Amino acid sequence: MDHSPNANETANCTDANHLGHQGEIYLSLQAHRGAKRVNPRDIPVAKWFEKGSNGILIPIAILAISSTILLLAQTWNGEADKRKRLRDFESNKITQPDQRGNPLAESILIKSNGFVHRNTTHDVTRQIQPSENWIQWIAGQFYSPLLRTQNPKLLAACGRGDCSERAAVLQWLLQRNEIPSRFVGLGGHVVLEAKADGKLWTLDPDYGLVFPVGVQTLSESASIPLQMSLLKAGVDPQRASNYEAILTSPEDNVYLPWNAPLSPRLRSFEELCEWLLWCSPAVAWIAILAIGRPR
């Protein structure tokens, strides 16, 4: 078959080459005239949220909506008494010595210990709630220690906790007053040891006791002053005897690092859950927009 250009095509090409730029425009117009016209209604319109993406979007949408609602509920609709209690703790900053002329650091230790003792109650059943951190609550269903919060603000707002959690609230107050402290495990009970004015103090917010010596010295001291302090604090004789037995057995005492949480590993995971609590709604909404956008 002969594919050589005919005379008309040769003439058009010759004319186009002769006319230069005008020839290119001429050929373009000729091609445009020969093209089929397209109806605008036949052009496909890009749509959001195509049917094929519903299987992925539905669970993400449920996560976005539920996490947003829980976050707003935690931020704006918290119980009034919890908010008030937390404000009371946050405003508890002692800047002047007491009326008896005790040094400032000693006043801070005594008043802070008494404040925690009066404004919290002993409760070993206290667990974190979904309204406080639903991510940590879900994780706690698989690893039960995560159901116990180490966040002193949550503990202070709730006003309940065991001996270690009440000590954690006291440690938070002392840190706000720049007084170092550490947890000391006594084989079944937890107290706080603080360092102020060059000496050690033993603080027990669970019983409301303050001793102007460290745990080691207190363990080696006579039992009569200790029992008298316990009885004066309202502890019944049987519990006072048990307390003395725990305190005066230093072989099982455990000293944690200064200003360290009771469990650094669990506290780090709890901080991660607190971060995810705020980030998860934003990530979920961004994922919805990214998946559902027009292609």
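These are my notebook entries on a predicted model of one protein chain.

**Ground rules**

I number residues from 1 along each chain as its sequence is written, and I keep to heavy atoms for side-chain values, with hydrogens and water left out.

**Entry 1: the whole chain**

I looked up the secondary structure and found 12 helices and seven strands in the protein chain; these elements are DSSP runs numbered from the N terminus, with helices (H or I) of at least four residues and strands (E) of at least two. Of the 295 residues, 37% are buried, where buried means under 20% relative accessible area, exposed means over 50%, and partly exposed lies in between, with a 1.4 Å probe and protein chains only. The accessible surface comes to about 18,100 Å², and 59% of it belongs to carbon and sulfur atoms; such areas come from the Shrake-Rupley method with a 1.4 Å probe, and for residues only the protein chains shown count as cover. I also checked contacts (heavy atoms within 4.5 Å): among those with a separation of 6 or more, 63% are between residues 24 or more positions apart.

**Entry 2: the sheet**

I traced an open sheet of five strands in the order S6-S5-S4-S3-S7, with antiparallel pairing; two strands count as paired if DSSP finds at least two bridges between them. Which strands stand at the edges? They are S6 (209–211) and S7, each of which has a single partner strand, so one side of each is left without a neighbour in the sheet.

Going through the pairs, I noted that S3 (residues 181–185) and S4 run antiparallel and are joined by five bridges, with Phe183 opposite Leu192 in S4. These two strands form a hairpin with four residues between them, and Gly187 in the turn has a positive phi of about 70°. S4 is joined to S5 by five bridges, again in antiparallel fashion, and Glu193 stands opposite Thr202 in S5.

**Entry 3: two positive phi values**

Asp197 is in the loop between S4 (190–196) and S5 (199–204), where those strands form a hairpin with two residues between them. Its phi is near 55°, a positive value in a residue other than glycine. Is Asp197 buried or exposed? Asp197 counts as exposed because its relative accessibility is 56%.

Asn259 has a phi near 60°, also positive in a residue other than glycine, and lies in the loop between S7 (254–255) and helix H12 (264–292). With a relative accessibility of 37%, Asn259 counts as partly exposed.

**Entry 4: the nonpolar cores**

I took a nonpolar core to be a set of buried Ala, Val, Leu, Ile, Met, Phe, Trp, Tyr and Cys residues joined through side-chain atoms within 4.5 Å. The largest one has 25 residues, and those with the most contacts inside it are Phe89, Leu109, Val169, Leu174, Ile179, Phe183 and Leu203. At least two of its residues come from each of helix H5 (104–119), helix H7 (152–158), helix H8 (163–176), S4 and S5, and the largest share, eight residues, comes from H8.

For one member, Leu109, I listed the contacts beyond neighbours within four places in sequence, which are Leu174, Ile179, Ala194, Ala196, Trp201 and Leu203. Apart from this core lies another, of 13 residues, including Val184, Leu209, Leu218 and Ala240.

**Entry 5: the surface**

I found a nonpolar surface patch formed by Trp137, Ile138, Phe142 and Tyr143, which together have about 440 Å² of accessible area. For such a patch, residues need over 30% relative accessible area and no salt bridge, with nonpolar side chains (Val, Leu, Ile, Met, Phe, Trp, Tyr) joined within 5 Å and, in charged patches, like charges joined within 9 Å; a salt bridge is a side-chain nitrogen of Lys or Arg within 4 Å of a carboxyl oxygen of Asp or Glu. Ile138 is found in helix H6 (residues 130–140) and is partly exposed, at 39% relative accessible area.

Finally, I looked at Ile286 in helix H12, which is exposed at 58% relative accessible area. Ile286 and Ala64 are 222 residues apart in sequence, and their C-alpha atoms are 9.4 Å apart in space.

Terms used: Predicted model: local features only at pLDDT ≥ 70, side-chain atom pairs only at ≥ 80, totals over all residues.
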